[in-house]
Amino acid sequence: MTDVEARIPQSRTGPEIDQLAPDFEARTTRGMVRLSDYRGKWLIFFSHPADFTPVCTTEFMSFERHSNAFDKLNCALLGLSVDSVFSHIAWVKDIEANFGVKITFPIIEDISMEISRAYGMVHERSSTTAAVRSVYFIDPDGYVRSMIHYPANVGRSVPEILRVLAALQLSDAQNVATPENWSPGDKAVRLPPLDQSEADARSEEKDSVWYVTEIEGGKNG
Ligand code: BEZ
């Protein structure tokens, strides 16, 4: 295969938005975990390329520092990398000793890469032996509602992950959409009109363009 051919996308693996998240049972730093045990809660399921690396360490500390905000949104955190549980334990102990941050969420060992491959967290052009920085937003019914993938050398923004989570919850609760860079408390927007008469009605409203109509958004946590 030529280099150019290798860059042509093949069919992607892993769940798509609005598909059920694949269930699994896995060993973690906090004992065995089954994905379906999280039903009834939101879940941020995220992968990192490797333990004892700089960007991953900063991300882990930020996830932990924001754990109260995730709790308020009825959301659990679950990490994963292809490292062993012993490596994970050594790393989180080291983070606590060096940075004073105690990591309390479970971290999956995925040495076989079975779970990371099922979720499309291994992007072969980046690495065949490690996951990229993937985040799956899984709702209380077990459906994937959003996902992000960053390369190993770019750290994620935990406040952005919280923002997307709050937006998903608001749109579920109030059947609205959220505009660019929406934050809790900001106005949301109505979903697009379904037909001409609805478009006409919206045109009549004050301060409304038929295809962009703001609406008060709830605080949502
Ligand atoms: C990091 O977490 O710093 C990192 C991990 C793998 C490759 C590059 C950076």
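The model is a predicted one, so to speak of a local feature takes a pLDDT of at least 70, side-chain atom pairs count only at pLDDT 80 or more, and totals for chains, interfaces and linings use all residues. Residues are numbered from 1 along each chain as its sequence is written, and side-chain values use heavy atoms, with hydrogens and water left out.

Around the ligand sit Pro49, Thr53, Pro54, Val55, Cys56, Arg133 and Ala152; a residue is near a molecule if one of its heavy atoms lies within 4 Å of it. By type, this shell splits into 5 nonpolar residues, 1 polar and 1 charged. Here Ala, Val, Leu, Ile, Met, Phe, Trp, Tyr, Cys and Pro are taken as nonpolar, Asp, Glu, Lys and Arg as charged, and the others, Gly among them, as polar. Helix α2 (residues 54–65) gives the most to the shell, with 3 residues. Helices (H or I, at least four residues) and strands (E, at least two) are DSSP runs, numbered from the N terminus.

Polar contacts come next (pairs of N or O atoms within 3.5 Å; within protein, one must be able to donate a hydrogen and the other to accept it, and residues adjacent in sequence count only if both atoms are side-chain atoms). An oxygen atom of the ligand lies 2.7 Å from a polar backbone atom of valine 55. For proline 54, a backbone N or O atom is 3.3 Å from an oxygen atom of the ligand. With arginine 133 it is the side chain that takes part, an N or O atom there being 2.9 Å from an oxygen atom of the ligand. Taken alone, the ligand exposes 260 Å², and the protein buries 72% of that. Accessible areas come from the Shrake-Rupley method with a 1.4 Å probe; for residues, only the protein chains shown count as cover.

On to the charged pairs. The structure holds 13 salt bridges, each a side-chain nitrogen of Lys or Arg within 4 Å of a carboxyl oxygen of Asp or Glu. One of them joins glutamate 198 to arginine 202, with the closest N and O atoms 2.9 Å apart. These two residues are 4 apart in helix α7, so about one helical turn separates them. Glutamate 198 is partly exposed at 28% relative accessibility, whereas arginine 202 is buried at 5%. Buried means under 20% relative accessible area, exposed over 50%, and partly exposed in between (1.4 Å probe, protein chains only).

Another bridge pairs arginine 190 with glutamate 205, at 3.0 Å between the closest N and O atoms. This pair links distant parts of the chain, 15 residues apart: arginine 190 is in the loop between β8 (188–189) and α7 (196–204), and glutamate 205 is in the loop between α7 and β9 (214–215). Glutamate 124 and arginine 117 also form a salt bridge, their closest N and O atoms being 2.8 Å apart. Asp18, Asp139, Arg145 and Asp172, for their part, are tied together in a network of salt bridges.

As for the overall layout, the domain assignment gives domain 1 (3–157) and domain 2 (175–221), with bounds from an automatic or database domain assignment. Their centres, taken over C-alpha atoms, are 34 Å apart. Methionine 147 sits in strand β7 (residues 144–150) and is buried, with a relative accessible area of 19%.
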